[in-house]
Amino acid sequence: MIKLVASDLDGTIIDRDNEIYESNFKAISDINNSNIPFVVCTGKNYSIYQGLSSYFEASYGIFGNGTSIIDLKSGKEIYKSLLNTSTVKSVIELAKKNNLHVHIYTKNQIVTEELLYLDLRNYRLQKDNIYNNKLEFKIVPDLLNYLSKKETPISNIVISSTNSLETIQKEITNTLDVSVLNIKKYGKFKDTIIDKEYEYLDIIPNNVSKGNALEILCNYLKINTDEILAIGDNLNDLDMIEKSGIGIALNNAYPKLKQIADYTTEKPVEKGGFAEAIYKFIKF
């Protein structure tokens, strides 16, 4: 019996044009009406998807790729993991040395020197603000100088480029105590919001991930991981899919995710692949 449904948002429930297929709304409503906890699991921070999480009536949220777990009904923060300032400064220095773009996530801000890649995407989505998010953008002349003058809790730091970041990724993982996700947005995975191909490194505290956060939440709720149905499309969903009783990849998912999933939907996100997965494995 499924006792918890965990789902990614972008590319899983929300399509590339920032739209949500009607059947996905119904599936989420049926989950909630069945008193099955619905957990949103996203790489974005809480301030970006606070409004949407409320609209979905989600029970819990895993944000920042696992840096934060929030009880969305009470507002209680169940878990939080932050990067230390020296690590953030080391990453920024490395990015600057290699002429790479970098931005940081605080509790309710994206701080950057210039809006270019993922931060530009979030800015454009915020401009529409169709999900009533609480995110603020702060443009500063120099990130290092900004951090030296302000004590700012940071959950994620992101390096972006149109070139390969694999060498930088290895250097970071070999020298710093962090976890690094490499997300490539090329070809069919191109970022259509800003009409650009690029890749980025999402750098978070070590041993933090969606999958680990889901295990923490399961222990908190006294639910076994084999009682979870998890759905995703991106590489940051890999361990979440692996650690769940039923792990599902969307039709539009990265090939590596499809390889480890228990089931791949016939429909992509823009045709209600999320709803397909829900109704295949849960009988309401």
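This is a predicted model: local features need pLDDT of at least 70, side-chain atom pairs count only at pLDDT 80 or more; totals for chains, interfaces and linings use all residues.

Trainee: Okay. How many helices and strands does the protein chain have?
Mentor: There are ten helices and 14 strands.

Trainee: And what radius of gyration does the protein chain have?
Mentor: 18 Å. A compact globule of 284 residues would have a value near 19 Å, so the chain agrees with that. The C-alpha atoms fill a box of roughly 55 × 40 × 35 Å along the principal axes.

Trainee: What share of the residues is buried?
Mentor: 58% of the 284 residues count as buried.

Trainee: Switching to the surface. What is its area, and how much belongs to carbon and sulfur?
Mentor: The accessible surface is about 12,700 Å², and carbon and sulfur atoms hold 44% of that.

Trainee: Now strand E13, residues 246–249. Are its faces covered or open?
Mentor: Both are covered. Ile246 and Ile248 are buried on one side, and Gly247 and Ala249 are buried on the other.

Trainee: How does strand E12 pair with E13, parallel or antiparallel?
Mentor: Parallel, over four bridges. E12 spans residues 228–232.

Trainee: Which residue in E13 is the bridge partner of Gly232?
Mentor: Ala249. That residue is also one of the buried ones in E13.

Notes
Residues are numbered from 1 along each chain as its sequence is written. Side-chain values use heavy atoms; hydrogens and water are left out. Helices (H or I, at least four residues) and strands (E, at least two) are DSSP runs, numbered from the N terminus. The radius of gyration is taken over C-alpha atoms; the globule rule is 2.2 Å times the number of residues to the power 0.38. Buried means under 20% relative accessible area, exposed over 50%, partly exposed in between (1.4 Å probe, protein chains only). Accessible areas come from the Shrake-Rupley method with a 1.4 Å probe; for residues, only the protein chains shown count as cover. Two strands pair if DSSP finds at least two bridges between them.
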